[in-house]
Amino acid sequence: MAYELETIRTSQEIFYYLLEYHELREEEEQLLYKAYTEQEEIQNLVKSQGEIAGSNIERYGNVIYLIPKEENNFLGFSKAQLKAALCKSNGTDKDYYLSQFVILTLLVEFFDGQGSSSKAREYMRVGELQNCISMRLKEGAENAAEEEEEKNGIAFSNMQEAYEALKSDERGSRARTTKEGFLYNILIFLQKQGLIEYVEQDEMIKTTKKLDNFMDWNLLNQNNYQRVLRVLGVTEHE
């Protein structure tokens with residue numbers, strides 16, 4: 001199919017904008033948003049460029065997002081980059097997987113995967129999140145046999161060991177060698193990605209519209225949601 005030069009140029013402008021900002025909001029760029037949503041040829045070209053760049057282009061509500069695929073280390077984060085951002089300087093794989101477990105636990109506490117909207121609560125205190133992490137790690141380590149851990153690709157005992165190796169500091173330390181500092185750096189990272197709002201003075205966590213939309217439209221179909229629950233060891237009656 002042959003495209004007109006102006007169509008190609010507009011699609012490239014939209015894709016470049018998404019590369020720079022990772023999202024395109026209707027209220028901020030009305031002409032580009034209208035071109036994408038109302039002209040199928042432009043939309044197809046933008047999606048094609050996203051596919052070549054190892055990303056998906058998705059529209060949730062009045063926002064168009066560029067979402068890097070899991071293996072995309074150029075536009076997304078590699079394991080090494082995430083470990084450096086989230087864990088202590090000499091962090092091991094145990095520390096890395098613990099950081100991912102913390103994020104999964106946060107998501108499950110906020111989103112239940114049910115109804116027209118998966119969001120189950122408006123905010124959460126950091127202390128409550130810390131208690132949830134300790135409880136789920138303890139339950140997982142007690143209930144999961146070694147063969148089950150290997151099959152699920154997750155070792156609760158190893159993550160619990162990494163979590164308990166972190167010191168406790170009631171003064172609210174920001175050092176990644178403490179439980180409080182470990183959680184703090186994860187929350188700050190998620191806030192920088194536009195996924196949560198972390199109100200430090202109140203120790204309160206809120207999700208953003210970006211994360212709400214992404215969970216509702218992308219992650220929390222029932223297959224993905226049940227997979228997350230199985231990883232966390234959550235039973236159906238919970």
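Predicted model: local features only at pLDDT ≥ 70, side-chain atom pairs only at ≥ 80, totals over all residues.
**Entry 1: the salt-bridge network**

I started with the charged side chains and found Glu109, Arg121, Glu128 and Arg136 linked in a network of salt bridges. My search of the whole structure turned up 12 salt bridges.

I then took the network pair by pair. Arg136 and Glu109 meet through their side chains in a salt bridge, 3.0 Å from N to O. Arg136 sits in helix H6 (residues 126–143) and Glu109 in helix H5 (residues 93–110), so this pair ties together parts that are 27 residues apart in sequence.

Are these two buried or exposed? I get 8% relative accessibility for Arg136, so I wrote it down as buried. Glu109 comes out at 15% relative accessible area, so that one is buried as well. The cut-off I used for buried is under 20%.

Next I looked at Glu128 and Arg121, whose side chains form a salt bridge at 2.9 Å, N to O. Glu128 is at 30% relative accessibility, so I have it as partly exposed. Arg121 has 22%, which also means partly exposed.

**Entry 2: another pair**

I also checked Lys179 and Glu164, and their side chains meet in a salt bridge at 4.0 Å, N to O. The pair links distant parts of the chain, with Lys179 in helix H9 (residues 179–192) and Glu164 in helix H8 (residues 156–165), 15 residues apart. The definition I work with asks for a distance within 4 Å, and I have this pair listed at 4.0 Å.

Lys179 has 8% relative accessibility, so it counts as buried. Glu164 is at 48% relative accessible area, so I put it down as partly exposed.

**Entry 3: the sheet**

I moved on to the strands. What order do the strands of the open sheet take? I read it as E1-E3-E2, 3 strands with antiparallel pairing. Strand E1 (23–25) and strand E2 (55–60) are the edge strands, each pairing on one side only. I get an average twist of 15° from one strand to the next.

I looked at the E1 pairing in particular. E1 and strand E3 (residues 63–68) run antiparallel and are joined by 3 bridges. Arg25 stands opposite Val63 in E3. A reminder for myself: strands of a sheet pair through backbone hydrogen bonds, either parallel or antiparallel.

Last, I asked which helix lies across E1, E2 and E3. That is helix H1 (residues 5–21), and I have it running at about 110° to E1.

Terms used
Residues numbered from 1 in each chain as written. Heavy atoms only, no water. Helix = DSSP H or I, 4+ residues; strand = E, 2+ residues; numbered from the N terminus. Buried < 20%, exposed > 50% of the residue type's maximum accessible area, 1.4 Å probe, protein only. Pairing = 2+ DSSP bridges. Axes fitted to C-alpha atoms, helices over the stretch in contact; angles between N-to-C directions. Contact = heavy atoms within 4.5 Å.
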